[in-house]
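Hi,

Here is the structure I promised to pass on. Have a look at it first, and then read my notes below.

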Amino acid sequence: MGYVAVTGGQEAIEASLQHLSYERLKDGKFIDVQALKATMRGFLDQVMSESSLYSENLAALAMKQSEGNVEEAVFLLRAHRSTLPRLYYSTVTDAREMFVQRRISASFKDIPGGQILGASHDYLHRLLDFSLMEETEADVLAKKSEFEQMEVPEKSSLPLDHLPKVMDYLRNEGLINEFPLNDEEPDDVTKESLTFPSSRSERLQILTRGQTGAINSLGYAGLRGYGSSHPNVGEVRVGYQPIHIALDDDEDEYYIGSIKLTEVESFIPVNVSENGKEVLEFDIGYGACFGQNETKAIAMSILDHALENPENTPIHDEEFVLLQVDTVESTGFISHLKLPHYVTFQSKLEQVRKIKREGVPNE
Amino acid sequence: MFDKPILQIKNLSKQYGKGCLHCQNDGAQLERNFCPVCKTVYACKDISFDLHRGEILGIVGESGSGKSTLMKSLYFDEEVTSGEGYLIDYHEGKENIFSQSGQQLRWIRNTLLGMVYQNPMLGLKMDFSSISNIAEKQIAAGNRNVDNMVSRSYELLDKVNIPVDRSKEPPKNFSGGMQQRVQIAKALSSNPPILLLDEVTTGLDLSVQAAVLDLIKTIQREMQISMIVVSHDLAVIRMLADRTVVMLNGQIIEEGLTDQILEDPNHPYTQQLVYSLL
Amino acid sequence: MNKFPFAFLDEQSKKEIRRAILKGVAIPGYQVPFASREMPIGRGWGTGGLQITLALVGKEDVLKVIDQGSDESVNAVNIKKLVQNTTGVQTTIHTSEATLIQSRHRIPEVPLRSDQILVLQVPEPEPLRRVERSEFKTKQLHAEKEYSGAWLWLFEQIMRYNQTTQGADYPVLVHERYVMNPSPIPRFDNPKINDSDALILFGAGREKKIYAVPPYTKVESLAFDDYPFEIEKFEGKACKVTGLTNVFLDEMTDEVTGETYYVCNDTSFMQEYLEKRGTVNVR
């Protein structure tokens, strides 16, 4: 009779799932999780940042399972995150203790410790390298040993795990708006739901786990007339940040490992008055994400500053920005439109027909 | 006019910013109403006046004089920094309206006050039908009878000369003058004793201005409603106001009967204002 | 390597969700914010309802999941499977056998009992969102019991169409205090919330709100005095399979003749009805 399109669901779903599994296997090719972990750095970094779960192993597994679909991979990791008890918060960590791999400033040429370019796509010509088509494991090993025999051209004059910040330079000169240290416990948006007006800690958490594309687009809008922030990138630093925890009844901190982090401080000129005089000073816009996600961290710093200074444009509107950038929320709700809406549609249909039949008076 | 005033405002002040040692000093040097040190704006300073039943009070001043802020404070769109206000129809004028809860302020707004903004976007929902806009205040005041609200709205539309067959169109389809008429009808819909009019004819063509002013005058005569009319335009004040206060840099510098202020201004600023325009 | 906790969520999360539920029961119709967890199904696919179900489900429970009236709809099957895989509880399609019923967009035709809990999935919990975009402001409006916006919305529909055109998710006033979205159930189901024997819980995962209508609470659909609330009417139409008229009907088209006909939307109810009459099982 075929009367209800939504029955027989069980069997249909099973068949669909089997079809999906087959898609991943149908060419008879295989890649192991460790290989993904070793070669898909950019994917892993983006996925770890959006899922706010730092685990290269699980990110690589999610990549494999989702066949490289970012949206799905983030989804898997977020859902997994919900099953994990959270036992500790890390103690405050200072990016001055980061083991720096890359550190650049667009504001000063000469910074203490120098510009450290590290590994970046920024200086690359985006030309397809067809030699990679034929690359073999032997090629990889040969190139690797070649690199490892090269001499390190130049060493930093300062220790890489104690590099001063560019911001400190401006601060010492009194060019940065001073604020007292804020040692309030941050609000945890994964344990308490966001309310408005939001706190800065809530904003930073939501931005850092925001969808990369959404954060970039909104940050870009901020530069294109929808915001009043015109930042100078004071410092982008990428490296390994040591993480410690402290047990409740113990003052000692324990080192639990380090995570790869991108941190951005943008300088944004603002007017302030000092002893009756108008002077220019700098505000800081802050961005930080898991992994090497430099564009996202810069965009985040723009949005951080925009939301600290509410104005009447979308990117200065905390509800607009914070409620739309989460990947699981936006993709979930958009995709739910594919679910059956038969009852709601039937209810609307009944009214549309009634109105058509009865007509609208006075018109 | 020997009755108790229908509205009494005492020492109303509104500032934007926290103030500093410099500007909180009595003899402080301000640039107009603005503290050069901490950037605090003293939009209204120590404003006091009475409004009597059936009277039209004019408030005149240049832009930035604080008259619009005053109006927004009276309609609770802005929270006053300090000061008191008493409405004779609210607890017989014994409770300071500015210290009431949000819920109470809403009730006062919905039942005792009507507001017509310079910018119709502030007063109307541009996408809703005009009749819904007019009914909104009645709904807010607790009316739950559609037919009753519709007939009341038709009455008001008729009063402001908008044809009933256009009542279901949204205000965004209307001209500026018609939008102001819809706002007036909305403001009157809960039958409030006081109507606030903020630069209602600014930006309209001269002939349209005249028609709107005529309408206001007629409504006042027929309904004996009290009004506060804010304008930078002395012609508007001359036509409508029985009594006028002059504002400069957030303060009242002169007040009196409108004729007297226009014929024989006291304060040098008022003189300048009057003579430059006559 | 399936090392997931009982009912998927970790115990701390469940505790927090239960606290939100209790607060919701204590303040009928009030939207309690909670830190909605990410679920293995999509946001917008019933994660709010699912979190409530997972926080409440115990080993003794019997679970029924329906989507748009059907136990077999893809999404219902999916949710049921997830709960079953992580708890091992028994499931049923029979409303009367279930202790816990999660539903999207319908309340079953079989009257619920006081020992049952109905969990409804909510896409948009805020009844004032249509007229006020800002969450900060709508929160204030609820606090001040200022619902003109919801009424104005209905008034505007009457002005335009001479009747309210809100189909599903028709707003209700709960316990004479909070205006609430009942989730996109048809108006047909609104009266079932009033004075219900069963506890009804509402979960909005993406919007991070939980709210509740405790048993025997007064729930009225908003309506002007002279334009009474009306449920969907299927006048002159009956279920082609059972002949029933007092149920919510789905509109169908015969693949061969192209003719329009109607059947019960609540498929398990229809099946029970037929079984009781000894008619052949249609599935």
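Predicted model: local features only at pLDDT ≥ 70, side-chain atom pairs only at ≥ 80, totals over all residues.

Residues are numbered from 1 along each chain as its sequence is written, while chains are lettered from A and ligands numbered from 1 in the order in which they are written.

Back to helix 6 of chain A: it is hardly covered, with 0 buried residues among its 13. (Buried means 20 or more other C-beta atoms within 10 Å of the residue's own, exposed means 12 or fewer, and partly exposed is in between; C-beta atoms are placed from the backbone.)

Chain A is divided into domain 1 (11-81) and domain 2 (95-126 + 156-325), with bounds from an automatic or database domain assignment. Their centres, taken over C-alpha atoms, are 29 Å apart. In contact (C-beta atoms, placed from the backbone, within 7 Å) are 8 residues of domain 1 of chain A and 11 residues of domain 2 of chain A.

Chain A also touches chain C, with 45 residues from chain A and 56 residues from chain C. On the chain A side, helix 1 (9-25), helix 5 (70-81), helix 12 (327-335) and helix 13 (342-358) each supply at least two residues. Helix 13 of chain A gives the largest share, 9 residues.

Now for chain B. Here you'll find an open sheet of 6 strands in the order 5-6-7-3-8-9, with mixed pairing; two strands pair if DSSP finds at least two bridges between them. Strand 5 (113-116) and strand 9 (251-257) of chain B are at the edges with a single partner strand each, so one side of each has no neighbour in the sheet. Strand 3 (residues 56-60) and strand 8 (residues 243-248) of chain B pair in the parallel sense over 4 bridges. One to look up yourself: I59(B) has V245(B) in strand 8 of chain B as its bridge partner.

Cheers

Definitions and conventions: Contact = placed C-beta atoms within 7 Å.
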